[in-house]
Amino acid sequence: MTINSLLRLCSIVIVSLLLGWAPVAGFGKNKVQYTDFSWHVLPAPHFTLHFHQGQGALPGISYRLMEDIYRTLQQRFQFTHKDPVPIIIYGTPALFGQTNVITELLPEEVGGFTELFKNRVVVPFSGSYDDLKHVLHHEMVHAFQFGIFYDRLGSSLMGGGVQIPLWFMEGLAEYLSSGWNVESDMFLMDFTINSQVPPPGPMLGGYMAYKGGQSFLFFLASTYGDSLFTKFLREFKSSKSLDMTIKKIYKKNTEELGKEWIQELKRIYWPEIGRRIDPKRTASAVTKHSVSKDHYNLRPRISPDGKHIAFFSDRYDYTKILITDRKGKVLQSISQNGYGGFFESFHPFRSGMCWSPDSRRLAFVTKSNGFDQIRVVDIEDKKLVKTITTGLSSVVSPDWSRSGSFITFAGIDSGMSDIYLFSFKNDRVTRLTRSVQYNSDPRFSPDDSLIIYTRRDTSIRVD
């Protein structure tokens, strides 16, 4: 996962039920549906893939991914569902936000969930098939967990059945879908060096339930062997008691193994303190969350004249764009109902913003009426000067040309993430690429003659 997906694997229904509370739609809030979906089905022996219109190659690719994922987990758990698992694919995150599988309003950072009562897996396509494979695998682990622990669901669950720790639920989903990866390694390194890692138990919650649980299970598999880990899963399937299973397989209780795990983290990461230079010696912090009490400050862009920094922040409860000087003094803020005009939301975890060459105007992506727009505001006059309608329900990573004549961005259409170009001269959006490969993060060269972007190749075949 990248920073775009730090929190997006949150499975809202799983979390709420395991913690003993059920979220409901907030008073006065309704889930608005802008799109008339026409649903189609691709059946398989153990799952059914549901997809709506306009997804191009996405359903076929998702189907092939799911065949491999189900087969892998079926062998790992030695379990097959009695009924096919419904898999529901949305073409973009904005369309996913309109789902009525659950009534909860889905925050921007949620990128997939597994609904418990009917064991339905619901995920959006973010543009990357690698990310889609990870999310499908993660959520299918939950579908197997529910199938194993609650059978056909109902009486055992509602009658006070198995209570599975959140760190195990999410940690197992992350471990089986990712093994161990760079993002998890960085997260645990930062936590071990700058905080205190809690042992497996009630304190291992929040996002740490994902990464800490993943790390602990990786520790068990790598330290004691994968064969024991597989035996552990099969025993847990039978006993449905985590502590009893750990004691039986590893001959130690959860607390003892937790201490070993934390000691191993210290052995691995504490030497990094001596290898690294304190950031305060080479840089100055623009934001300080310990003072401002914000949870995130994301996607900063410095103005071409070097005087201003714009970034997303939840410093004032709701997500806003803050514009500060280089020392962090807040000069302006742009909200959903300020001088940028009214719109539904920003995309702080997926999108970004860009400055005009004269450092006077700022362009950023917003959602309005089910589609993504690029809004351009004049920060000196504090007014909206242009709204760029793209016709796409997902737009990310805008960049402004040095001449001021164009904005380039990435967008999703028909199961493909491609690069687009908007011309201020004729108000026209032109598609520059058309590929199943993941094309993203376009940037103009200094002379505007080239657009440089990232392309993540895949082994995906399009029939």
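User: Is aspartate 441 buried, partly exposed or exposed?

Analyst: Aspartate 441 is partly exposed, at a relative accessible area of 36%. The cut-offs: buried is under 20% relative accessible area, exposed is over 50%, and partly exposed is in between, with a 1.4 Å probe and protein chains only.

User: Before I go on, what should I know about the model and the numbering?

Analyst: It's a predicted model, where local features need pLDDT of at least 70 and side-chain atom pairs count only at pLDDT 80 or more, while totals for chains, interfaces and linings use all residues. Residues are numbered from 1 along each chain as its sequence is written, and side-chain values use heavy atoms, with hydrogens and water left out.

User: OK, back to aspartate 441. Where does it lie, and what is its phi near?

Analyst: Aspartate 441 lies in strand S19, residues 438-444. Its phi is positive, near 55°, and it isn't a glycine. Most residues other than glycine have a negative phi. Helices (H or I, at least four residues) and strands (E, at least two) are DSSP runs, numbered from the N terminus.

User: And serine 359, which also has a positive phi: buried or exposed?

Analyst: Buried, with 4% relative accessibility. Serine 359 has a phi of about 65° and is found in the loop between strand S11 (353-355) and strand S12 (361-368).

User: Switching to the open sheet: what's the strand order?

Analyst: S1-S2-S3-S5-S4, five strands with mixed pairing. Strands pair if DSSP finds at least two bridges between them. The edges are S1 (39-43) and S4 (113-115), each pairing on one side only. The twist averages 25° from one strand to the next.

User: In which sense do S3 and S5 pair?

Analyst: Parallel: S3 (residues 85-90) and S5 (residues 120-124) share four bridges. Isoleucine 87, for instance, has valine 121 in S5 as its bridge partner.

User: Which strands do H2 and H4 touch?

Analyst: H2 (residues 58-77) packs on the sheet against S1, S2 (47-52) and S3, and its direction makes about 160° with that of S2. H4 (residues 129-150) also packs on the sheet, touching S3, S4 and S5, at about 165° to the direction of S5. Contact means heavy atoms within 4.5 Å. Axes are lines fitted to C-alpha atoms, for helices over the stretch in contact, and angles run from 0 to 180 degrees between N-to-C directions.

User: How many aromatic pairs are there?

Analyst: The count is 33. Rings of Phe, Tyr and Trp (its six-membered ring) pair if their centres lie within 6.5 Å; planes under 30 degrees apart are stacked, over 60 edge-to-face, and the rest tilted. One of them is phenylalanine 79 with phenylalanine 144, edge-to-face at 6.1 Å centre to centre and 70° between the planes. Phenylalanine 79 is in the loop between H2 and S3 and phenylalanine 144 is in H4, 65 residues apart. Both are buried.

User: Why is the pair of phenylalanine 216 and tryptophan 261 edge-to-face?

Analyst: Because their planes are at 70°, with the ring centres 5.6 Å apart. Phenylalanine 216 is in H8 (residues 207-224) and tryptophan 261 in H11 (residues 254-269), so the pair ties together parts 45 residues apart in sequence.

User: How do the axes of H8 and H11 cross?

Analyst: At roughly 95°, coming within 10 Å. H8 and H11 are therefore roughly perpendicular; the classes are under 35 degrees for roughly parallel, over 145 for roughly antiparallel, 65 to 115 for roughly perpendicular, and oblique for the rest. Residues making the contact include Phe216 and Leu220 of H8 and Trp261 and Leu265 of H11.
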